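Please look over the model shown here.

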Amino acid sequence: MQKSLHIDANKCTGCLQCEMACSYENYGVFITAKSRIKIFDFENEGRKVPYTCTQCAEAWCLMACPVDAIRLDAVTGAKVVNEATCVGCKVCTIACPFGTINYVAATGKVQKCDLCDGDPACATACPTGAITYVDADWTGFDKMRAWAGKTDNATRASA
Amino acid sequence: MKHLIIGAGAAGITAAEQLRKLDPAASITVLDGEGEAAPYARMAIPYLLSNQIVEAGTHLRRDPDHYRTLRIDIEKGRAAAVDPVASLVRLVDGRVLPYDRLLIATGSVPSREKVAGIDLPGVHTCWTLADARAIIASLRPGTRVVQMGAGFVGCIIIQGLMSRGADLTVLIRSGRMVSRMMPPKASDMIAQWCAAKGVHVMGKTQTAKIEQDGNSLKVTLTTGEILPADIYLSVVGVKPGIDFLAGSGIAMQDGIVVDARMRTNLPGIYAAGDVAESCDCVTGKSQINAIQPNAVEQARIAALNMAGGAADFVGSLAINVLDTLGLVSCSFGQWQGVEGGAGVELVDEANYRYLSLQFGDDVLIGATSIGWTDHVGVLRGLIQTSTPLGVWKERLLADPTTFMAAYLATSQKAA
Ligand SMILES: Cc1cc2nc3c(=O)[nH]c(=O)nc-3n(C[C@H](O)[C@H](O)[C@H](O)COP(=O)(O)OP(=O)(O)OC[C@H]3O[C@@H](n4cnc5c(N)ncnc54)[C@H](O)[C@@H]3O)c2cc1C
Ligand code: SF4
Ligand code: SF4
C-alpha cells in the first residue's frame with residue numbers, strides 16, 4: 001500500500017524541526033523559508049498547524065501544467081516537479097486549490113512536497129509524532145478535511 | 001469507435017489521452033493544423049522568447065514516443081469544413097476524414113487590428129511558435145519594438161522582449177494594462193513597475209497607421225505622434241477559431257455553444273478549450289474562458305462523454321497568473337466584485353504589493369493579488385468551493401493578508 005503523510009495538528013508544538021529538515025533535505029541549508037511544509041501559527045488560539053501537499057488524487061497541479069513538468073511517482077504516489085522541464089509559468093500555483101505548490105523567485109521554478117522518495121525528512125524530524133508517514137488509502141480531499149476540520153473546531157471553540 | 005479531434009493544443013491532446021484511458025480499442029486521431037515537430041503549449045512561448053527554453057521545451061509531452069505508445073495518431077493538416085450529415089471533416093489539402101465522435105478544439109486566433117499597414121513584413125503578432133520564431137529572428141539589442149496592446153499576452157511577453165534588449169514602447173488603448181484581469185489600482189501598479197524597468201508605456205492611444213520607411217517602420221498614432229520602429233507587435237486580443245465551421249449547422253455565439261457535457265447542438269460533436277463557450281461557475285453566464293486550466297478540464301469532461309460516460313463540467317473559473325518583468329500578479333473569479341457585495345483593497349505602492357478580496361454573502365467570489373506567491377492557490381479553493389467563511393469574513397475584511405489562515409480554518413467544510 002502507498003503511504004502518505006499524516007498530520008495530527010494537536011501534537012504540533014511549533015518547534016519547526018520539520019521546516020528545518022525539509023530545507024536541509026532539498027537545499028542543504030537550514031532556512032525555514034525554503035521549506036515545503038509550513039507551520040501555520042494561529043496566534044489567537046495558540047494552535048500550530050503543519051500543512052503541505054497531500055498528493056491529492058485530483059492532481060490539479062499536474063493536470064494544469066502545460067509542459068508535462070509534474071509527474072506521478074508510481075512508487076510513492078507523489079506528484080513531483082521536474083525542475084529541468086518547469087518553465088516557471090506558475091499556472092500550477094493557482095490551479096492547486098490547497099495552495100501547496102509555490103513559486104520560488106530565486107530559481108524561477110515552483111516547489112512542492114515530493115515525499116523525499118518515500119522517506120520524508122519532516123516525519124523523521126518531528127519529535128512529537130505530529131507528522132507521521134503511514135499506510136493510507138484515503139484521498140487528498142479526505143486528508144484535507146481531516147486536517148482542516150480539526151483547525152475549524154478549534155477556531156469555532158475560541159471564536 | 002472512431003474519435004476525431006480537430007486541434008493539437010492543450011485541449012485536443014488531453015482529450016486524446018483521456019479517450020485512450022477509457023477505450024483501449026478506439027481509433028483516435030488528432031488533426032494538427034500547425035505542423036510543428038510535436039504538439040506544443042502556447043503558454044510556453046514567453047519562456048522561449050526569454051531564452052529560458054529551447055523549442056522542444058514548449059512541447060506538451062516530454063516522451064518522444066508518447067503518442068505512438070498511446071496509439072494516438074497525430075495527423076498534420078487543417079480542417080476546412082465539417083459535414084455533420086456525412087460525419088466527416090474536409091481538410092484544406094483535399095483529404096476527407098470520417099468520424100463517429102468529433103471534438104472541436106481549435107483554440108483561439110489573434111484578433112486582427114484594422115489599421116493600414118498591418119500586413120507589412122515587420123508586423124507580427126504573438127500567438128504561435130511560428131510567430132515567436134519570427135520575432136526572435138528580428139530582435140537584437142536596441143531593436144525598436146512598438147507593441148499595440150497590453151492584455152494578458154501583451155504583458156506576459158514583455159519579459160522576453162526586454163531580456164533580448166528591445167527598446168520597447170507599449171501602446172494601451174484603454175490606458176490600463178490587463179484591464180480585463182484586474183482592478184484599476186492593480187493595473188496602474190503594473191504599469192508603474194514596467195515604466196520603472198525601462199518600458200515606454202503610452203496610455204489612451206492607439207495606432208492609426210503603419211508605413212514602411214526604408215528598412216524600418218513608421219507608426220502613426222491617433223494622437224498624431226509618430227514612432228519609428230523596427231518591429232510592430234500587434235497583440236490586441238484573441239477570438240475563437242471557428243471560421244471554418246460557418247454553414248456547418250453547429251450553434252455558435254462568441255464561440256461554440258456547449259452544454260455541461262461539452263456537447264454542441266449536433267449529435268456526436270463536442271467542443272472544448274478556448275473555442276468553447278460554456279457556463280462560468282461564479283457568474284453562471286455562458287462565456288468563453290480562454291485559459292489553459294479550463295481547456296484541460298473541459299477536454300477531460302468532453303472525452304468522458306465521448307467515450308459513452310456521463311460527466312458534467314462544473315463550470316469554469318477565471319484564474320490567471322501573470323509575471324511582468326518579475327512582478328507576479330494573480331486574479332481569480334469575480335475580481336471586480338458584485339454590486340452590494342463587500343470588498344477590501346490593500347494597496348502598498350512603495351513595495352509593489354496589492355491584495356483585493358471580494359465577497360458574496362458569506363463566501364469569497366473574487367480576488368486579485370500583486371507580489372504574493374505563497375499559497376495563492378487557496379484563493380481559488382475558497383472561491384471554487386464557495387466555502388462559508390463565518391467569522392472569517394469580518395477578519396478578512398479587516399486584514400486580507402490572513403487568507404491562508406482563513407482557508408485553513410474554514411476549508412473543505414463545503415466540499
Ligand atoms: C504567449 C501566450 C501566453 C499564454 N499564457 C497563458 C497563461 O499563462 N495561462 C493560461 O491559462 N493561458 C495562457 N495562454 C492561453 C493558452 O495558451 C490557451 O488558453 C490554451 O492554449 C488553450 O488550449 P486549446 O487547446 O483550447 O487551444 P490551442 O492551444 O490554441 O490549440 C488549438 C490547436 O488547434 C489547431 N487548429 C486551429 N484551427 C485548426 C484547423 N482548422 N484545423 C486543424 N487544426 C487547427 C491549432 O494549430 C492548435 O494546435 C497563453 C497564450 C499565449 C499565446
Ligand atoms: S500540489 Fe496541490 S494539486 Fe498538486 S498534488 Fe499537492 S494538493 Fe494536489
Ligand atoms: S510553473 Fe512549472 S510545474 Fe508549474 S505549471 Fe508551469 S511549467 Fe508546470
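What follows covers domain layout, a domain contact and a helix crossing.

## Model and domains

This is a predicted model. Chain B is divided into three parts: domain 1 (2-109 + 239-306), domain 2 (123-236) and domain 3 (326-414).

## Domain 1 against domain 2

The centres of domain 1 of chain B and domain 2 of chain B, taken over C-alpha atoms, are 30 Å apart. Their contact draws 16 residues from domain 1 of chain B and 15 residues from domain 2 of chain B.

Together, domain 1 of chain B and domain 2 of chain B bury about 1,300 Å² between them. Carbon and sulfur atoms carry 66% of that area. Which residues in domain 1 of chain B lose the most area to domain 2 of chain B? They are B:Glu36, B:Ile45 and B:Leu49. Together these three account for 40% of what the domain 1 side buries.

## Helices α9(B) and α11(B)

Helix α9 of chain B spans residues 377-384, and helix α11 of chain B spans residues 403-410. Their axes come within 10 Å and cross at roughly 45 degrees. α9(B) and α11(B) are therefore oblique to each other. The crossing of α9(B) past α11(B) is left-handed.

On the α9(B) side, the contact is made by B:Val378, B:Leu379 and B:Leu382. On the α11(B) side, B:Phe403, B:Met404, B:Tyr407 and B:Thr410 take part. How do the residues of this contact divide into nonpolar, polar and charged? Six are nonpolar, one is polar and none is charged.

Note on methods: Residues numbered from 1 in each chain as written. Chains lettered and ligands numbered in written order. Predicted model: local features only at pLDDT ≥ 70, side-chain atom pairs only at ≥ 80, totals over all residues. Heavy atoms only, no water. Axes fitted to C-alpha atoms, helices over the stretch in contact; angles between N-to-C directions. Helix = DSSP H or I, 4+ residues; strand = E, 2+ residues; numbered from the N terminus. Parallel < 35°, antiparallel > 145°, perpendicular 65-115°, else oblique. Left-handed = near helix turned anticlockwise from the far one by under 90°. Contact = heavy atoms within 4.5 Å. Nonpolar A, V, L, I, M, F, W, Y, C, P; charged D, E, K, R; others polar. Domains from an automatic or database assignment. Buried area = accessible area lost by both parts, 1.4 Å probe.
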